Amino acid sequence: MSNTSRLHHVLPITATGVDGRLYIGGCDLVALADRFGTPLYVYDVATMNDAVSRYEAALEAHYPGSWEITYAAKAFWCTAMAQWASTRGLGLDVVSGGELFIGTQAGFPPQRIHFHGNNKADAELAMALEVGVGRVVLDHEAEVDRLERLAAARGEEVTVWLRVAPGIDVHTHDYVVTGRADTKFGVPLAEDTAMRVARRILRSPHLRLVGLHAHLGSQLFEAMPVARAAQVLIDLAAALRDLGFVLHELSPGGGWGVPYTPEMSPAPVEPYVAAVSQATVVACQRHGMEIPRLVLEPGRSLVARAGVALYRVGGVKHQSDRTFVLIDGGLADNPRPALYGAKYTAVVANRVGDPATEVVAVAGPYCESGDVLIQEISLPPVRPGDLLAVPVSGAYHLSMASNYNAARRPAALWLVDGDAHVIQERESLEDLIRRDRPLPDGVTR
Ligand SMILES: Cc1ncc(COP(=O)(O)O)c(C=O)c1O
């Protein structure tokens, strides 16, 4: 695909240029933008399926025991995603009653759901017990007490994991590091806290501890820290054996990264899965333990590349020594550049193949100077009315989208074999006031 070939590892796997127009999943993006409006998010199902297959093949090749791929709903979650994850045989990681509700309403099998979260409300825990989630991932001691009370009141035994903060640092943005000793997530290994809380769970007649979990952070490109987390959890399991604990399930979390720009190298999952598998097997051998079921929890690496955001160019503005391409979305549908300084690339979807000759910034319409989606990119000369496609928009965009400036959250489409299915409608103006209640007469005086 002429000048988009350098983008082949960031565009969805079905991307192709036809007569200068970008096609994904057999669909003409220009036609979709005309029909559904912009900003518009499209998801290429073939790319999501390919990502799952790569995890499956790597686990099959490298892990000798049983395993499970559990999709982290926070990356992007809606009814269609739940249907897809269910059909693909994935497990599901939810962190709130809301994510749980979406999953169960869509018919996702509750036994395959893991309920994470560092401060689950009693109502959320009760909901988890009511629907019968497979695992509740306990985060701290007070939560152990609360879940135990709820389980006792129902006369039930609940199957749980314990989340551990293994004190392992990783190279990623500070805001997405979660496994250091000073993190808000999980129980620290230090001062035997993890041992103490695990003992507490093991004594409970209402809680059945079957697994240990850690998650180090997101957008990781080094496998070794994750492999180290698996070892640390197995060491803890070994220390708990005297209390009758058997490590049936081990989850060293998710977090594998993806390239966002052509300058970033591809990040195949196989070496990561191989390293974690090997570390697990070796650590279990060292302790004379059976290998547990290995549970990986990818979010971003399953869906980020499948998603493309489409924006209409409103104007092109020369400001001092900068040129701004002004588009109709940004901060409200994708807060990542403002939150983490995340970098993106873009393609002019209606003129694929035109040579990139101008260096521009791409900015949205929201009232924040931080609403700059791309600080610097070479593009062909861009004109009002052009359609800009931003690859790698599938994870942590729509799930983090806001109504800032009363923006209406975009529509999302599911692209498969030349068909486009609406999976989320664009919000309407009425949606923006649906929760509002007018004050009674006289109160505004
Ligand atoms: C416990 C847990 N598992 C899995 C994930 C998924 O991470 P990612 O989307 O980076 O794979 C997260 C993300 O924060 C998480 O907190």
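Biologist: How much area do domain 1 and domain 2 bury between them?
Modeller: First, this is a predicted model, where local features need pLDDT of at least 70, side-chain atom pairs count only at pLDDT 80 or more, and totals for chains, interfaces and linings use all residues. Residues are numbered from 1 along each chain as its sequence is written, and side-chain values use heavy atoms, with hydrogens and water left out. The chain splits into domain 1 (2-37 + 306-432) and domain 2 (46-300), with bounds from an automatic or database domain assignment. Counting the accessible area (1.4 Å probe) that two parts lose on being put together, summed over both, with 69% of it on carbon and sulfur atoms, the domains bury about 2,200 Å².

Biologist: How many residues of domain 2 are in contact with domain 1?
Modeller: Contact here means heavy atoms within 4.5 Å. Domain 1 puts in 23 residues, and domain 2 puts in 26.

Biologist: Where is P39?
Modeller: The peptide bond from T38 to P39 is cis, with omega near -10°. Helices (H or I, at least four residues) and strands (E, at least two) are DSSP runs, numbered from the N terminus. On that numbering, P39 sits in the loop between α1 (29-36) and β4 (40-44).

Biologist: And which loop holds D19?
Modeller: D19 isn't a glycine, yet its phi is positive, about 50°. Its place is the loop between β1 (16-18) and β2 (21-24).
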